[in-house]
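Hi everyone, thanks for coming. Let's look at the model together and walk through two parts of it.

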Amino acid sequence: MSDPVSALGGQSFDGFAKVSEIGPVGMISLRCKLAEKPLAAALKGIGLGLPDTRRILHKEGRSAGWMSPDELLIILPYAEVGDALASLSKSLANVHHLAVDVSDARAVFRIEGAKSAQVLAKLSPVDIGAMAEGELRRTRAAQVAAAFWAQEGGFTLVCFRSVAGYVMGLLSASAKPGSELV
Amino acid sequence: MSTRLATGGRLIDRGVRKSFTFNGRRLIGHEGDTLASALLANDQMLVGRSFKYHRPRGIVAAGPEEPNALMNLGRDDRLEPNQRATTTELFDGLEAASQNHWPSLEFDVGVVNNALARFLPAGFYYKTFIHPRAFWKHVFEPIIRQSAGLGKAPKSRDADHYEQAYAFCDVLIIGGGVAGLQAALTAGEAGKSVILLEQNAHWGGRAPVDGDMLEGETAEEWIKSALDALATMKNVTLRNRCTGAGVYDHGYVLANERVADHTPGDGRPKQRLWRIRAGHIVTATGAIERPLSFAGNDIPGVMLAASLRDYVVNFGVSLGDRTVVVTNNDDAYLTAFALIEAGLSVPAILDARAQAGEAVLARAKAMGIRVEQGRAIAKVKGGKRVTGVQICLQAGEGAPIEEIACDAVAMSGGWSPVVHLWSHCGGKLNWSDHLSAFLPDLARPPLGQDGSAMVTPVGAALGVYLADDIIAATKAALSGQALVEDYAAKAPAIPPVWVMPQGAPIQLRSKMWLDYQNDVKVSDVQLAAREGFESVEHAKRYTTLGMATDQGKLSNINGLAVLSKALNADIPQVGTTTFRPPYTPVTIGALAGEARGEIFQPLRRTPMHGWHEANGAYMEPVGLWRRPYCFPRGSETHEEAVIREVNNTRENLGLLDASTLGKIIVKGPDAGRFLDMLYTNMMSNLPVGKCRYGLMCNEQGFLSDDGVVARIAEDTWLCHTTSGGADRIHGWMEDWLQCEWWDWKVYTANVTEQYAQVAVVGPKARKLLEKLGGMDVSAEALPFMQWADGVLAGFPVRVFRISFSGELSYEIAIPASHGAAFWEMLHREGAEFGAMPYGTEGLHVMRAEKGFIMIGDETDGTVIPQDLGLSWAISKKKADFLGKRGQERKHLADPDRWQLVGLETLDGSVIPDGSYAVADGTNENGQKNTEGRVTSTYYSPTLKRGIAMGLIKHGPARMGQTVAFNKVDGSTVQAKIVDAVFYDKEGAKQNV
């Protein structure tokens, strides 16, 4: 079997901020009523906890993001998805839920540098300055759906895999040297 | 003549020269000049020809209200038409050309229209070109367009790039004059997040030119201290060269920043459209001076008084040595004073009022300026430039008293507050008799989401004209205090002077221009009133007043005042036309933003997209996806490639990238019940491990989507949808689950992009998979319409035994991250079996040979499954499903509905796409009756003849009959009605 290849094979662009496609990144879409009691234990079983509304919680290389009142996004190393799915399936056996591997359905970008927020401010109708600590924002990047959050001196952005090239184009155009907003 | 003065010019740097051209002539200006000031410095007073009469026109204003000095800027891929010289900052190498002249600016044949002016009155086009009707399109319009064009449309792709950006703030202040700066100071000190926009490169508005004193400082000093103070506030952002263009609901504002208009080619975005969401909007947009309507007020050399002063003070440019000032207010006297201080001559101030303000009168007297009160201009003398004015009584009919030689006229008819942005979102206006202007009515503001005022106007935009009042009133307004004083009433009165002289006869009124850009005169508006155009909106459209690119910034108030007089109504009764965004034109480039070229729209790519491109695929759009239509080899045409691909798939082995196929997981205790509602047939009784073809209809009963459903586990199904339907069907499912059946325990996930999918098709398909090894793909282990998880050549796969081609076929899903490698491996390993990729056209041809329907071909939103012979897929047992009741309606249950059949042309040709079956007789519109239409039509490489499917009236009952289909050339082609399955009707080939 081949090694998994992310949508753009790790393309990057150096503008007034650095844009890189990263991955493959493991992702699980978990749908379940967040008030279900076994959920906390299920998340603990994969080393995570329940994120607050509209927040993302990071723990030792894994993250849990709040996507909607009945949807979480679990982020973890690509190779660990299978085990995590099995663990969730076991702990949630008696709870109506849907846990599905979406690692390959997504593309993930990092936007890094002191001015990385400006790259996103050109594409997403988001008041980035007003984002709370640990806030995950589901929004759009120009014409496509996207979600992003602040992380480690920059931002991590997730979009659908098929439009990775479009999003790379957007981020690169936005990060073009000379087009800084301030 | 206009010229550069020896001294003065607060905005220019005389040490830095900028070279530019006008109509090919090389000219020199300075750093800090606008194109307009640089043209005037070079005595270029004639800058264009008017729209209708081709009259010579000069620069009238110094700001965005300029109607005349519209230029073609740049060339080729940087050509921009209709750019205002007054707002264009000069840069080295700027190329400008005047518009609307032929053959040259100096000598223009169109000026003959001028002589014929009395034959071109208001409504001329409507009256003249209405008959005969056909002439408008073919004769009149082309000629009029030729002779009356403004700028040239660019023909090259724009070399520059544009972008948009989002911003948020508590308070957005539009206008960086004294009022705007004070608003920013007050809001900033209160800790609000503030964005302050200024359309010019410079801050402070016109206060420095007017020599205002502010809180004990000169205007220059005050502005500097304000900017210094604002610079220390982290919560305040200043952005110059940025015009607030439009105010919309909920504090949404569009602003256009001219980032690199003045530094073309430096790599920065040319313009940036800001999309700002503001908690509150402050309009500090100032006021625009109005022209006076006297005969010859459009001759080059006649300029707005304050603008003339701007050129002297800001740019050290004079319009002429001898300037006559004509006014109805005190403000214009400042122009006379500035001219005298610059060492120029003012032969007279003609004040239409009987009594001027005492202060200015005294100062004029002290400076030795002759002031004539109650006087007017009867007419301006001159052609391409002013040579003198005839003076008359304002109260009279224009009999000349005296003629004064001069080379410039500074006119002021008072000021109109810029209420556009206040009005965009519903702010109402009151007419002020005191200022002869419309002012924002603070009691009727545009409302925000909480019902409170969304916009606060300050400064001159509110009719607060006096410098100290502006500061006090702005502070109060931004602190949320009600205005205690009637500041507008405190300012000196500006009496109405709409026509000069007031009793001017038609000879004079037909030379008084209201709208310079659209060539509308006082006499035109009066004629419109006489002809019954009483509504200001009708009069506007009839005369074209205010309909040019300047949107009537100078002409609207004067025009409606003239109209109201002609109608014998008050101005408030006549009202204004509607103020609509944008305030000044915003280029399409900025509105498009980043969306051009590669990122014009999202292009969806499968994991194998790169392979397709590298292997010469001819791509076609499928939704936002690009899919290979075919893979031409060597010199093959697309048609030849499709034939080869179909034949190879039927004889050997074809590989199709089917990754775009929609894949939705549906899970939960109620999932079976849910799918039974969504699909017309039963899905709940599908055994785990098996596949079933299903149809989805909308509530009306029309066929919406189709695909194969696989039962993955006891509580889990995988629904395949069409490529274009995946997102729509997922949304459809969520809609029902969230809004209607919210208590059903069902979750869905759209995993379309999680998997690459490959159809391995053809008699040798199994051989290839057996060679790869890893799982049992035999007919016994994996029969038709079943699926299995397993491994092939080390790849984790899910294999579906389904066929859309009629051949032995495996559709193999694999995680997208392995898709490209798996696809390449299949080609490598399949080579010995003759593996070839095939595209969407081959797919279409093969499914048509099998009589399989395609959503979007056989369906168009008006077709029900029963029309397509799919009654077998509609459950009779189920109590309900979406579309069931819809299909029971009379029209949908009508036996006369057109129904699907196969069609074989008698001559073997291919029926044209979209062709209709022609029936006897004609309908009530005189069109031929029809009895059916083609839905899919192809050349079948397998049968070596044209085949088609179509919907025909009583089709299935008419097997063997012939029907006639129309062709593009008007003839018809005969086709025999046959079964829709042309190939392997028994289905033996796919079930081996």
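**A sheet and a helix pair**

Let's start with an open sheet of 5 strands in chain B, ordered β37-β38-β39-β36-β40 with antiparallel pairing. At its edges stand β37 (691–697) and β40 (747–750) of chain B, each with a single partner strand, so one side of each has no neighbour in the sheet. On average, neighbouring strands here are turned by 30° against each other, direction ignored.

A word on the model: it is predicted, so local features need pLDDT of at least 70 and side-chain atom pairs count only at pLDDT 80 or more, while totals for chains, interfaces and linings use all residues. Residues are numbered from 1 along each chain as its sequence is written, and chains are lettered from A and ligands numbered from 1 in the order in which they are written.

Strands (E, at least two residues) and helices (H or I, at least four) are DSSP runs numbered from the N terminus, and two strands pair if DSSP finds at least two bridges between them. Strand β36 (residues 662–667) of chain B pairs with β40(B) over 4 bridges, in the antiparallel sense. Look for I665(B), which stands opposite A749(B) in β40(B).

Now the helices. How close do the axes of α5 (residues 178–189) and α12 (residues 467–478) of chain B come? They come within 9 Å and cross at roughly 35°; axes are lines fitted to C-alpha atoms, for helices over the stretch in contact, with angles from 0 to 180 degrees between N-to-C directions.
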